[in-house]
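Okay, thanks for coming, everyone.

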Amino acid sequence: MSTEPRSWLFVPADSVKKIAKALDSDADAVIFDLEDSVAPGQKAAARSILKNLPSRSGGPSWWVRINPVGSEQHKDDLTLLARSDFAGIVLPKAESGADIKEVAHRTGNVPIHAIVTETAASLFGLLSYRDPASPLVAMSWGAEDLSAALGAAAKTDENGELSFTYKMARSLCLAGAAAAGVQPVDGVFADFRDDKGLAREAAAARREGFSGKLAIHPAQVPVINAAFTPSDDDVAHAEAIVAAFEAQPDAGVLSVGGKMVDRPHLVQAKRVLERASR
């Protein structure tokens, strides 16, 4: 991807009305969902809708969440890639880099965004995605399917916070994406009416290192975009760090704004400027 999407908006692929709203949103990427949000009996109809969508210029990039490797619908979903409109595939229930290789064998170099924490086995394979020849471009995590896979009664504790297992899955996704050199994307915030809660969660995700977030409703998109867009103060500070090291290229540690900064700060500053340049 030339730029990393801040907002990845899911939309059921069997709803023409919801698709139209998603495509008219300010999402950076729209994910046409053929998996969980489409009943088995509606999947063929959903594929037909996607095959017949009118082409558009501008707006969100188009991605399609296919059904998992080994599922009955998986190969049929891949026929949609005959359309050049689709920027890539979102692969659910990925368990290791081997799944990426299997899909890539069928699709060539079509970019893949893998959801990597939806099964029990997936938690043990987060380092296996490191492959410079892989078409993998993003990794995100999911708690709902993982909760079902583990037989959990709930994914939150008595205070409404994610339980340890799901915090661990989230952190493993972040570290796995960083190790693979791909975009780390935070999971969904289920209450689309709670803008303040979403803003807090998205801001925390950005601080930790995520550069985008999944959305389940168009109303969440502006909040997510704002959270993952560097502020004017962020940009000014990053520019000051870059300028300081350009002025003293042999320095290891410098003072910027009354604080000590070193080479890792320079790397982060360049990332901020790259994201701001979109």
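Let's begin at strand β8, residues 212-215: Gly212 and Leu214 point one way, Lys213 and Ala215 point the other way, and all of them are buried. By buried I mean under 20% relative accessible area, with exposed being over 50% and partly exposed in between, using a 1.4 Å probe and protein chains only.

Quick housekeeping. This is a predicted model, so local features need pLDDT of at least 70 and side-chain atom pairs count only at pLDDT 80 or more, while totals for chains, interfaces and linings use all residues. Residues are numbered from 1 along each chain as its sequence is written, and side-chain values use heavy atoms, with hydrogens and water left out. Helices (H or I, at least four residues) and strands (E, at least two) are DSSP runs, numbered from the N terminus.

So who sits beside β8? Strand β1, residues 7-12, runs parallel to β8 and is joined to it by three bridges; for strands to count as paired, DSSP has to find at least two bridges between them. Trp8 has Leu214 as its bridge partner in β8. Strand β7, residues 183-186, also pairs with β8 in the parallel sense, over two bridges, and there Val185 stands opposite Gly212.

Now zoom out. The strands make a closed barrel of eight, in the order β1-β2-β3-β4-β5-β6-β7-β8, with parallel pairing. On average, neighbouring strands of this sheet are turned by 25° against each other, direction ignored. Those angles come from axes fitted as lines to C-alpha atoms, for helices over the stretch in contact, and run from 0 to 180 degrees between N-to-C directions.

On to the aromatics: the structure holds four aromatic pairs. Rings of Phe, Tyr and Trp (its six-membered ring) pair if their centres lie within 6.5 Å, and planes under 30 degrees apart are stacked, over 60 edge-to-face, the rest tilted. Trp8 and Trp63 have ring centres 5.0 Å apart and planes at 65°, so that pair is edge-to-face. The pair links distant parts of the chain, with Trp8 in β1 and Trp63 in strand β3, 55 residues apart. Both Trp8 and Trp63 are buried. Phe32 and Trp62 are edge-to-face too, at 5.5 Å centre to centre and 85° between the planes. Since Phe32 lies in strand β2 and Trp62 in β3, the pair ties together parts that are 30 residues apart in sequence. Phe32 comes out at 0% relative accessible area, and Trp62 at 6%. Phe32, Trp62 and Phe86 form one aromatic cluster.

Last stop: where is Glu118? Glu118 is in the loop between β5 and β6, and counts as buried because its relative accessible area is 5%. Its side chain reaches the backbone nitrogen of Lys93 at 2.7 Å. Glu118 also touches, among others, Arg65, Pro92 and Asp145, where contact means heavy atoms within 4.5 Å.

Technical notes. A polar contact is a pair of N or O atoms within 3.5 Å; within protein, one must be able to donate a hydrogen and the other to accept it, and residues adjacent in sequence count only if both atoms are side-chain atoms. Lists of a residue's contacts leave out its neighbours within four places in sequence.
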